[in-house]
Amino acid sequence: MASLIRDFTCACGRVRCEAVGAPIISAVCYCSDCQEGGRRIEALPHAHLLRDPDGGTPYLTFRDDRFRCVAGEELLEDHRLKPESHTRRVVASCCSTGMFLKFDPGFWVSTYRLRYTGDLPPIEMRTKVARRRSALPLPQDAPSFRGFPLRLIGRLIAARLAMALGR
């Protein structure tokens, strides 16, 4: 059986990426960096939303070996909260669309969920809700965690092992 390929594009369609197979996790993050990074990207001229109305940033996270940019890679720009930051928020410069987040030296890519169309897996968890700043009610569609739960860490470790074993 062929693996599912999920395509996602920037708002104008010049940058196109794809992710293969099931994500490691489908989650919403409320950490201070994700909230600030999202705010900064959304403040760019002609930018598009990446955060939910309550300030959370929804992601589909994939292994590096299951993600690639298939068109417009030269249009991607890195945005960092601080010059020395290990986290890059990658934006399509053609239309100020946030595309994905890459933590270096991590082995995963967190793609901005709002860039996809079609059927997506349900949100599995909401992380770092202790940092959430919204007055809106916390959505009850998935378990919420004050920090990063062991379940998330376990999935990342399992994904790394699968990569090492070529699975």
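In this predicted model, Glu-18 touches Ile-5, Arg-6, Asp-7, Phe-8, Arg-66, Phe-67, Arg-68 and Val-70, once residues up to four places away in sequence are set aside. Glu-18 has its place in strand E2, which covers residues 16-20. At a relative accessibility of 11%, Glu-18 counts as buried, because the cut-off for that word is under 20%. One of the residues it touches, Arg-68, also makes a polar contact with it, side chain to side chain, at 2.8 Å.

Phe-8, Phe-67, Phe-100 and Tyr-116 form one aromatic cluster. In the structure there are six aromatic pairs. In the pair of Phe-107 and Trp-108, the ring centres are 4.9 Å apart and the planes stand at 85 degrees, so this pair is edge-to-face. Phe-107 and Trp-108 are both buried.

Read from the N terminus, the order of the elements is β-β-β-α-β-β-β-β-β-β-β-α. Helix H1 spans residues 32-42, and its buried residues are Cys-34, Gln-35, Glu-36, Gly-37, Gly-38, Ile-41 and Glu-42. What covers these buried residues? The cover includes strands E3 (25-29), E4 (57-63), E7 (87-92), E8 (97-103) and E9 (108-112).

Strand E3, part of that cover, holds Ser-26. Ser-26 is buried, with a relative accessible area of 0%. Apart from neighbours within four places in sequence, Ser-26 is in contact with Tyr-59, Leu-60, Arg-113, Pro-121, Pro-122, Ile-123, Glu-124 and Met-125. With Arg-113 there is also a polar contact between the two side chains, at 2.7 Å.

The loop between H1 and E4 contains Asp-54. Is Asp-54 buried or exposed? Its relative accessible area is 7%, so Asp-54 is buried. Beyond neighbours within four places in sequence, Asp-54 is in contact with Tyr-30, Arg-126, Arg-132, Ser-134, Leu-136 and Pro-139. Leu-136 is 82 residues from Asp-54 in sequence, yet the two C-alpha atoms are 6.0 Å apart in space. The side chains of Asp-54 and Arg-132 make a polar contact of 3.2 Å.

Contacts across the sequence can also be counted for the whole protein. Among its contacts with a separation of 6 or more, 61% are between residues 24 or more positions apart. Of the 167 residues, 47% count as buried. A compact globule with 167 residues would have a radius of gyration near 15 Å, and the value for this protein is 15 Å, which agrees. Along the principal axes, the C-alpha atoms fill a box of roughly 45 × 40 × 35 Å. The protein exposes about 8,900 Å², and carbon and sulfur atoms supply 54% of that area.

Notes: Residues are numbered from 1 along each chain as its sequence is written. This is a predicted model: local features need pLDDT of at least 70, side-chain atom pairs count only at pLDDT 80 or more; totals for chains, interfaces and linings use all residues. Side-chain values use heavy atoms; hydrogens and water are left out. Buried means under 20% relative accessible area, exposed over 50%, partly exposed in between (1.4 Å probe, protein chains only). Helices (H or I, at least four residues) and strands (E, at least two) are DSSP runs, numbered from the N terminus. Contact means heavy atoms within 4.5 Å. Rings of Phe, Tyr and Trp (its six-membered ring) pair if their centres lie within 6.5 Å; planes under 30 degrees apart count as stacked, over 60 as edge-to-face and the rest as tilted. A polar contact is a pair of N or O atoms within 3.5 Å; within protein, one must be able to donate a hydrogen and the other to accept it, and residues adjacent in sequence count only if both atoms are side-chain atoms. The radius of gyration is taken over C-alpha atoms; the globule rule is 2.2 Å times the number of residues to the power 0.38. Accessible areas come from the Shrake-Rupley method with a 1.4 Å probe; for residues, only the protein chains shown count as cover.
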